[in-house]
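Please keep the sequence and the model at hand while reading.

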Amino acid sequence: MHKTAFVFPGQGSQQAGMGRDLLVTRPDLVDSYYRPADEILGFPLSRLCWEGPAEALRDTAVTQPAVFLTSLAALDVLRARGVTPDVVAGHSLGEYAALVCAGVLDWADALRLVRLRGQLMAGVNERVPGRMAAVMGLDLAHVERICAAVASAIGQVVEVANDNGPAQVVVSGQDAAVDEVVRRAREAGSRRVVALHVGAPFHCRLMSDVEAEFAAALTGVRFRDPVINVVSGVTADPVTTAGDAVACLRRQLAGRVRWTGAVTRMTDMGVIRFVEVGPGRVLGGLCRRIAPGTRVHSTHDASALALAVDTARAEADTAA
């Protein structure tokens, strides 16, 4: 059986205006999600999503709930139009929306966790300034060796944060160490290195300092077993119980994003169609490179979402 996966984006996919055009045909989303989110968080998240400014959306503690909320709105529209997934996964932050989709978390609880996650991550950067950079054109093992050599040479933390796909590896760590990895990667033949403006050195051991505080918050939230298949971006393995989900979210802060493995696992499960649910089109491009031949659809705006719905319906009719 050919399957559909919903994949949910993480930080870096945000943009001012995201989600606003969905309200033209679905004004009820304001009362279902946006207004309650503003009340839960105590600041106008909805206005920041729809209007920006872009500078505000670069604040990690704002970006993360904003991307999460936009993904929820797109998910609601897809479901209302009869498009549902057989399996879900999320890239970093996106794992929270995936777990909501799978019935593991209530969306309001997930929103609170996402807000806290962003605040804790931003706090790490205030204490130990760091950054992230994407290295293109070198394989994972090569980038791992460069990181290890730099960490040993200068005594700072720098690690592989994301295995995003063939020849795209993201590194994370302290400023000077990342700068040195960038320099050595270029010398080694990297065709492009891109600084990521995400506000903190995510998915490296610098985040270990906040794991215990975040784990305590997780214990105060109700988790359920998934009602549809979930593949973790942390382990690239299925999440089959509530306990699995808790463990993955805790490990995720300082753990590597194994997106290549997650996409490969989903294709092994029979997935031939990926729908990127939320702002941006980053994950769609990664899925295409990891799994050539699969079909990829975006929902980054109302017209793209409508096309994704129409195409999914047509493909379903053909398969039937």
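## Charges and surface

The chain carries 33 positive and 34 negative side chains, and the centres of these two sets lie 3 Å apart. In this count Lys and Arg are positive and Asp and Glu negative, while His and the chain ends are not counted; each charge is placed at NZ of Lys, CZ of Arg, CG of Asp or CD of Glu. The accessible surface amounts to about 12700 Å², 50% of which belongs to carbon and sulfur atoms, as computed by the Shrake-Rupley method with a 1.4 Å probe.

## Basis of the values

This is a predicted model, in which local features need pLDDT of at least 70 and side-chain atom pairs count only at pLDDT 80 or more, whereas totals for chains, interfaces and linings use all residues. Residues are numbered from 1 along each chain as its sequence is written, and side-chain values use heavy atoms, with hydrogens and water left out.

## Overall fold

The chain contains 13 helices and 10 strands, taken as DSSP runs (helices H or I, at least four residues; strands E, at least two) and numbered from the N terminus. Its radius of gyration is 19 Å, close to the 20 Å that the globule rule gives for 320 residues, so the chain is as compact as a globular protein of that length; the radius is taken over C-alpha atoms, and the rule is 2.2 Å times the number of residues to the power 0.38.

Along its principal axes the C-alpha trace spans about 55 × 45 × 35 Å. Of the 320 residues, 58% count as buried, meaning under 20% relative accessible area, with exposed set at over 50% and partly exposed in between (1.4 Å probe, protein chains only).

## The nonpolar core

The largest nonpolar core has 78 residues, and those with the most contacts inside it are Phe-6, Phe-8, Leu-45, Phe-68, Leu-105 and Phe-223. Such a core is a set of buried Ala, Val, Leu, Ile, Met, Phe, Trp, Tyr and Cys residues joined through side-chain atoms within 4.5 Å. Helix 4 (residues 60-80) gives the most to this core, with 11 residues.

## Two residues compared

Ser-71 is found in helix 4 and is buried, with a relative accessible area of 1%. Beyond its neighbours within four places in sequence, Ser-71 is in contact (heavy atoms within 4.5 Å) with Phe-8, Pro-9, Ala-97, Val-277, Gly-278 and Pro-279.

Thr-25, by contrast, sits in the loop between strand 1 (3-8) and helix 1 (28-41), and at 55% relative accessibility Thr-25 counts as exposed. The C-alpha atoms of Thr-25 and Ala-302 are separated by 9.1 Å, although the two are 277 residues apart along the chain.
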